[in-house]
Amino acid sequence: MIESPMPWHVSAWRQSVALRSHALLVHGVAGSGERAFAIALAHAWLCEAPPAEARPCGRCAGCRLSAAGNHPDLRVIEPEAMAAGLGGAEEGSESDAEDGDDGDTGRRTSKPSREIKIDQLRALAELAQLTSHRGGARVVVIHPAETMNAAAANSLLKLLEEPPPGMRIVLVAEHLRRLGATLVSRCVRVALASPARQVSMTWLGEQGVKDPAAALARGGGAPLAALALDDGEQSALWRGWLRGVSEPADSAVQAARETDAVEVPMLLGWMCRWLHDLGRVKAGARPRHHPDAFDALDRLARGLSLAQITRLARGFDSRQRWIRHPLNAQLQREALWLDYLQGVTPAAGRW
Ligand SMILES: [Zn+2]
């Protein structure tokens, strides 16, 4: 699919697409569409027709390759765990980034890395020696840039000192502090705005959503998620999932089977917001994302301490940074449901 920028990114888009810099640093709140923005930039730069309004034409050979996800002059560098969709955080693990692996020593570990490693950057340096396949730009997107380990970041710095001709690098980051001042100083920064609530509501209305406020609550304030949930098919899936979390079943396998049509990252996002609301209700507040499910949340919250809910919610939140496109989705679903069911019914004794 050819990516295009969201309405709340239009001014950032106009600035960025015209930039001639070889290194851009796109930063914004995770989930604000920052990755899609970077890919959209890449698609626009790789379009071989003069793009109208700086948008990719969608018809040329370059655009067709981009849309198919296999443009030879585009590389997206992400942590292995993110690309594989594995590597959820262990119970009690607060710090994902520090979970070291041995990427730089060449030793193989059993887990996919949660870091961008120097090998991935070496491949980039090799790419820099080659000429463009299609005769245009070569574009590299590094996401999330703050997951580069120290060796990888140093290697990138060297590359940026002598930028390879015709290569454009887009770093995508949420936490600039973690990137290091030197690296940040070598890039042109593009700050992405998060959509204001009213902008999101208007956009949702334009997409045909009848109750934008309710949809936005369900989507956790993220208009893209809200829109998807409003679609007939997804909305049915969501209601099925809601029954599953409201009335915890005995079997994680069964629960996973009943939600097997829900993409794992989405399932995880729903769980995270549900647990967030569970914590709110326990603390005496109204649920933010599930205003209609107060009774079910309240019933669950009565059997749990706030500490138990917080621990459970944190465990789910920390998984969110890594799950993308799991290789074995059903196992992931079962793991999520097992953690949830164990977490909300700790006294049941059936585990
Ligand atoms: Zn094109």
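Modeller: Accessible areas come from the Shrake-Rupley method with a 1.4 Å probe, and for residues only the protein chains shown count as cover. On that basis, the accessible surface of the protein chain comes to about 17100 Å², and carbon and sulfur atoms hold 51% of it. Please keep in mind that this is a predicted model, in which local features need pLDDT of at least 70 and side-chain atom pairs pLDDT 80 or more, while totals for chains, interfaces and linings use all residues. Residues are numbered from 1 along each chain as its sequence is written, and side-chain values use heavy atoms, with hydrogens and water left out.

Now to your metal. A zinc ion has four protein donors, the SG atoms of Cys-47, Cys-57, Cys-60 and Cys-63, at 2.3 to 2.4 Å. Donors here are N, O and S atoms within 2.8 Å of the metal (3.2 Å for Na, K and Ca); water is not among the atoms, and sites may look incomplete. Along the chain, the zinc donors are spaced as C-x9-C-x2-C-x2-C. The arrangement is tetrahedral because the angles between the four donor atoms run from 104 to 119°; for four donors, the term requires all angles to lie between 85 and 135 degrees.

Cys-60 deserves a moment of its own. You will find Cys-60 in the loop between helix H2 (34-46) and helix H3 (61-67), where helices (H or I, at least four residues) and strands (E, at least two) are DSSP runs numbered from the N terminus. Its relative accessibility is 13%, so Cys-60 counts as buried; buried means under 20% relative accessible area, exposed over 50%, partly exposed in between (1.4 Å probe, protein chains only). Setting aside neighbours within four places in sequence, Cys-60 has contacts (heavy atoms within 4.5 Å) with Cys-47, Glu-48 and Ala-49. One of these, Glu-48, is twelve residues from Cys-60 along the chain, and their C-alpha atoms are 6.1 Å apart.

Of its 351 residues, 47% are buried. Among contacts with a separation of 6 or more, 72% link residues 24 or more positions apart.

Rings of Phe, Tyr and Trp (its six-membered ring) pair if their centres lie within 6.5 Å, with planes under 30 degrees apart counted as stacked, over 60 as edge-to-face and the rest as tilted. The count comes to six aromatic pairs by this rule. Trp-8 and Trp-203 form an edge-to-face pair, with 5.5 Å from centre to centre and 85° between the planes. Because Trp-8 lies in the segment before helix H1 (10-18) and Trp-203 in helix H8 (residues 197-206), the pair ties together parts 195 residues apart in sequence. Trp-8 is buried at 10% relative accessible area, and Trp-203 is buried at 10%.

Trp-238 and Trp-241 make a tilted pair, 6.0 Å centre to centre with 40° between the planes. These two are three residues apart in helix H11 (residues 232-246), which means about one helical turn separates them. Trp-238 is buried at 11% relative accessibility, and Trp-241 is buried at 0%. Together with Trp-270 and Trp-274, Trp-238 and Trp-241 form one aromatic cluster.

Gln-207 and Leu-227 are 20 residues apart in sequence, with 7.6 Å between their C-alpha atoms. Helix H10 (residues 223-230) has Pro-223, Ala-226 and Leu-229 buried. They sit on the same side of H10 because they cover an arc of only 125° around the axis, taken from the directions from the helix axis to the C-beta atoms.

His-143 and Pro-144 are joined by a cis peptide bond, with omega about -15°, and Pro-144 is in the loop between strand S3 (138-142) and helix H6 (150-161). Pro-287 is in the loop between helix H13 (264-282) and helix H14 (294-302), and is buried at 8% relative accessible area. Beyond neighbours within four places in sequence, Pro-287 is in contact with Asp-277, Arg-280, Val-281, Phe-294 and Leu-297.

Conventions:
Tetrahedral: all angles 85-135°; square planar, octahedral: opposite > 155°, others 65-115°.
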